Amino acid sequence: MVATWKSEDQGEVACENCGSRYRKTVTRFPMRDKDYFDCDTCGFRMDEWNSTECPSYAFLGAKNVGPQMQ
Ligand SMILES: [Zn+2]
């Protein structure tokens, strides 16, 4: 039997330290999970949790730079 856990797209988040952008998805698991996520780019601790709702982060790109970016 394949279990499908509910996951919820929470949109885009950015690293507070370097501005790298990630898409955050929160998945609800039947068991509590304790973990953390460090920014892939700079290693900044972006999130930690001890919960049945576990976020995951997909790298989208580097910081949006400058006013020339439309
Ligand atoms: Zn970062």
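1. The sheet. Three strands form an open sheet in the order β1-β2-β3, with antiparallel pairing. Strands β1 and β3 (45-61) stand at the edges with a single partner strand each, so one side of each is left without a neighbour in the sheet. From one strand to the next the twist averages 30°. Axes here are lines fitted to C-alpha atoms (for helices, over the stretch in contact), and angles run from 0 to 180 degrees between N-to-C directions. Strands count as paired if DSSP finds at least two bridges between them.

2. Basis of the model. This is a predicted model: local features need pLDDT of at least 70, side-chain atom pairs count only at pLDDT 80 or more, and totals for chains, interfaces and linings use all residues. Residues are numbered from 1 along each chain as its sequence is written.

3. Overall make-up. The protein chain has zero helices and three strands. From the N terminus on, its elements run β-β-β. Both kinds of element are DSSP runs numbered from the N terminus: helices are H or I with at least four residues, strands are E with at least two.

4. Of the 70 residues in the protein chain, 10% are buried. Buried means that 20 or more other C-beta atoms lie within 10 Å of the residue's own; exposed means 12 or fewer, and partly exposed is in between, with C-beta atoms placed from the backbone. Among contacts in the protein chain with a separation of 6 or more, 43% are between residues 24 or more positions apart. A contact requires C-beta atoms, placed from the backbone, within 7 Å.

5. Strand β1 and its partner. Strand β1 covers residues 7-14; of its eight residues the number buried is zero, so it lies largely in the open. It pairs with strand β2 (residues 21-38) in the antiparallel sense over six bridges. S7 stands opposite T27 in β2. E8 has V26 of β2 as its bridge partner. Further along, V13 is bridged to Y22 in β2.

6. The β1-β2 hairpin. Six residues lie between the strands of this hairpin, and G19 takes a positive phi near 85°.

7. Strands β2 and β3. These strands run antiparallel and are joined by 14 bridges. K24 has Y57 in β3 as its bridge partner. K34 is bridged to N50 in β3. In the hairpin of β2 and β3, which also has six residues between the strands, G43 takes a positive phi near 85°.

8. G11 lies in strand β1. It counts as exposed because it has 8 C-beta neighbours inside 10 Å. The C-alpha atoms of G11 and R23 are separated by 5.6 Å, although the residues are twelve apart along the chain. G61 is found in strand β3. With 10 C-beta neighbours inside 10 Å, G61 also counts as exposed. G61 and R23 are 38 residues apart along the chain, and their C-alpha atoms are separated by 9.8 Å.

Methods
Two residues are in contact if their C-beta atoms, placed from the backbone, lie within 7 Å.
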